[in-house]
Amino acid sequence: MSTPDAALTSVAVRPGAVADIVEALPPRLRKRLDGAVEKLLARPVTRDGDTVRIAVDDDADLTLNAPGGVVRTAEDVVCACLLAPSCLHRAAAVSALTVELDDDLNLEADEDTVAAANAGAASAGGAAEPDGASPDEGDGSAESGEVRQSHTAGGRPDARDEPSPLNPRRGGPRAKSDDHTGARAAPGMPTATAVATASAPGTDTGTRVGTGTGTATGNGTATEITPAQHAAAHTLWKAAALVLDAGIPGAGAVQQAELLRAAHSAKLAGLHRGAAAAVSVTTALRAARADDPAHRLPDLAEALRELLDTADQLASPSAAAELLGTARQAYTHSGSLRLYGLFSEPLRTASGHAGVVTYTVGPDGALRTVSDVMPGTPERIAGAAARAVRMGDTALDHHALTRAGLMVSGATESPTGRLGAGASVRAVSASGAAWDADPLAALWAEPPSAQVARVLRARELPADARRAGAELLFLDVEILGPVAASLASGRGDRVAARCLRTGTPVQLLVADDHPALAFRDNLRLIASHRGLALRLVGRLESGTEPAVRAFAVAPAPTTHGPAAVLTREGTPAPEGHPVPVLTLAPALKGRVNLGLDRLQRADFTTARPAAVTTAAAAARADSGSADGSGDISADPAPARTEHAGPGDHSGVRPVAPPAATVAPPHVDEAPAYLVHRQVERAVAGGRPAVALAGTLARDTARLRRDGLTTGADLLEHLAASAADRGRDVFGRLLPADTERLARAWLATAAYARAVDAALTAHAWGPPGEL
């Protein structure tokens, strides 16, 4: 598919405008819409202020009126061709633009808009602004139901987060029940088959599938669902079921427009979370059909599961209030805060936003974030990181805040830990803290297994109800070397390491593959230094093997015993054996943001453990002290070259993968991937791919042999739902039951997700514990 012009990528469109224009097309033209989008992307584009013009042919131009970079209504798209307004050009143009749910997604809004949105959220049944908060305390940063790391980003993307005061990445006060036993069957709404519980590998006890009637049982406050909200939820369900039935090949521009119509209706009805989920699915579908390198099938499957699950739970006459979501999160007074910079994460979202999020820690140990995320391409990330933080009078940019601190008075923050930047907020620069000093050191004091349990609890909450940093792990590791490409199962660069505290083998993954970011090059450079001890921050990756997507590193304190280094054969290194040490330049102040800073070979020296008190001390000694003294004796190292500025990556060539390879530890893997394969196959190919699954009998046999009998039953039910096509008296196929397929798929996806959580907890648990 052609690459959109830069002038087009900077313009977004509202879901309602897309739905209106596509709906106005005659049926004969709808069949040609996907081809028209491809042709339109190859046409010349010019932009003059808020007006974008596309030369659709030699005699006619199509004009987009986009105040603030957003096309809001169908009337803002004008074509000069003879068939307008019912022409393919208008529909193709809006189908090629990034979808913007509404202005609330702009993360740099003015304070009056924030206050008005908070008031609107309260009247719509969302979270009202608490007593004592005033309009001028607005942050200017709004959150949609899903502005995630795409993981992209860094995926959870998704820029994801958790609840409770457990430190990590966004969070809410209430927990969402995972009880899906007995799906709701409200009038006009299909019943979803759901899974009650999932078992650990080899034990499939207590898992059951049920259908029936009931009510939502979330731990949060229940709210009555209005008829309009019920109808909007049903529309969301039907649109998502049609997408699942068609799969990626069949979910073209017309199908996407129907999904956006459902999102628009949900937004008007106050179902903000469902609307955001529908937009995320649409964006992921477009990336998949355009062969975007950032597309990941598991991310699309998870987005579709979230949409169907939300719509299903809203079928109940009363549902947990958090299922409705909010247009904006209310900001409350936090008084005075002393914050210490922790690290910065580059962020790319599925909704077309890009920027940087900086994590800070207060004396209470809770994580809070300061962000600069706006609509744009990943190329704006470097500029955002070098821009001054929007808080008070501080001149610190995000690079500097990572290594410094802030004194904030009149602070405001959202329930997820996002700090506000209202007119009443005052902030001045302050000194930072090393990762091995309080209060930051407390983050690494929690046992890894307890951290994993905290992350898994957070993932049971909706993405917009997770506390800042909820999915982060804080580990001390020793690098063992790169995992062989043949052993990485085509999953990209992986670095073998072991947790210094527990000895658990861990794999470090690239957080984001985008070439504008330094993650891959930095990880390759780290992998080439076997025995290197690091303190790192990363996001938990689910699976039977402990794995983390690394975001930031620093030299690790050697407080885990003298035998912290292993030889290539896996035996303890003899005393005095030279080991690599991370000795950073003074400008980096002892830590590296792997996505924003670029490591150099001069940052790695060798030292003898007998003469080293801590690796962190080595880094400080290398940086120089007032009297020039130090307590380490390092082997001669090459003369240090000067670092370029943190944001200056010009002329940097990619680092080649290290030649040395390490085999990952053998894992007795439960075959949960067989369930995931069928779940993702349904999304990729739709009903035909599931109905013609040739290996299903072999897969279900293995699942039953390994004790996952519920998984086998669900796969058989999914295949039967896809293959069940009746015929009329003339032998013609009757319309497929898309809702039955959606119910079966949702139950299977929920089961796979629950089993993943159990396997992940087992992989990180104490040795020998099941």
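In this predicted model, the largest nonpolar core holds 107 residues, of which Leu33, Leu64 and Trp745 touch the most other members. Helix α19, spanning residues 738–764, supplies the largest share of this core, with 11 residues.

The surroundings of Leu33 can be listed residue by residue. Neighbours within four places in sequence are left aside. On that basis, Leu33 is in contact with Val22, Leu25, Leu88, Ala91, Ala92, Ser95, Ala253 and Val254. Two of the helices involved, α2 and α5, also pack against each other. Helix α2 covers residues 15–23, and α5 covers residues 88–96. Their axes are 9 Å apart and the packing angle is about 150°. The two helices are therefore roughly antiparallel to each other, an angle over 145 degrees being counted as such. The crossing of α2 and α5 is left-handed. On the α2 side, the contact is made by Val18, Ile21 and Val22. These meet Arg90, Ala91, Val94 and Ser95 in α5. By residue class, the contact of α2 with α5 comprises five nonpolar residues, one polar and one charged.

The crossing of α9 and α10 is left-handed. From α9, the contact draws on Arg273, Gly274, Ala277, Ala278, Val281, Ala284 and Leu285. From α10, Leu300, Ala303, Leu304, Glu306, Leu307 and Thr310 take part. The residues of the contact of α9 with α10 split into nine nonpolar, two polar and two charged.

Helix α7 (residues 227–250) packs on helix α16 (residues 672–691) at an angle of about 110°. The two axes are 5 Å apart. Because an angle of 65 to 115 degrees counts as roughly perpendicular, α7 is placed in that class relative to α16. The α7 residues in the contact are Leu244, Asp245, Ala246, Gly247, Ile248 and Pro249. They meet Ala682, Val683, Ala684, Gly685, Gly686, Arg687 and Pro688 in α16. Eight nonpolar, three polar and two charged residues make up the contact of α7 with α16.

Gln255 is located in α8, which spans residues 253–268. Its relative accessibility is 18%, so Gln255 counts as buried, the limit being under 20%. Residues up to four places away in sequence are again not counted. Gln255 then touches Leu242, Val243, Ala246 and Gly250. Gln255 and Ala240 are 15 residues apart along the chain. Their C-alpha atoms are separated by 9.6 Å.

The backbone also has local features. Most residues other than glycine have a negative phi, and most peptide bonds are trans. Two cis peptide bonds are described here. One joins Ala84 and Pro85, with omega of about 10°. Pro85 sits in the loop between β6 (77–79) and α5 (88–96). Another cis peptide bond joins Asp438 and Pro439, where omega is about 5°. Pro439 belongs to the loop between β17 (426–430) and α13 (448–458).

Lys589 has a positive phi of about 50°, although it is not a glycine. This residue is in the loop between β24 (579–582) and β25 (592–593). With a relative accessible area of 56%, Lys589 is exposed. Gly590 lies in the loop between β24 and β25 as well. At 26% relative accessibility, Gly590 counts as partly exposed. Gly590 touches Ala554, Pro555 and Leu584, with residues up to four places away in sequence not counted. Gly590 and Trp435 are 155 residues apart in sequence. In space, the C-alpha to C-alpha distance between Gly590 and Trp435 is 8.3 Å.

Key
Residues are numbered from 1 along each chain as its sequence is written. This is a predicted model: local features need pLDDT of at least 70, side-chain atom pairs count only at pLDDT 80 or more; totals for chains, interfaces and linings use all residues. Side-chain values use heavy atoms; hydrogens and water are left out. A nonpolar core is a set of buried Ala, Val, Leu, Ile, Met, Phe, Trp, Tyr and Cys residues joined through side-chain atoms within 4.5 Å. Buried means under 20% relative accessible area, exposed over 50%, partly exposed in between (1.4 Å probe, protein chains only). Helices (H or I, at least four residues) and strands (E, at least two) are DSSP runs, numbered from the N terminus. Contact means heavy atoms within 4.5 Å. A crossing is left-handed if the near helix is turned anticlockwise from the far one by less than a right angle, and right-handed if clockwise. Ala, Val, Leu, Ile, Met, Phe, Trp, Tyr, Cys and Pro count as nonpolar, Asp, Glu, Lys and Arg as charged, and the others, Gly among them, as polar. Axes are lines fitted to C-alpha atoms, for helices over the stretch in contact, and angles run from 0 to 180 degrees between N-to-C directions. Angles under 35 degrees count as roughly parallel, over 145 as roughly antiparallel, 65 to 115 as roughly perpendicular and the rest as oblique.
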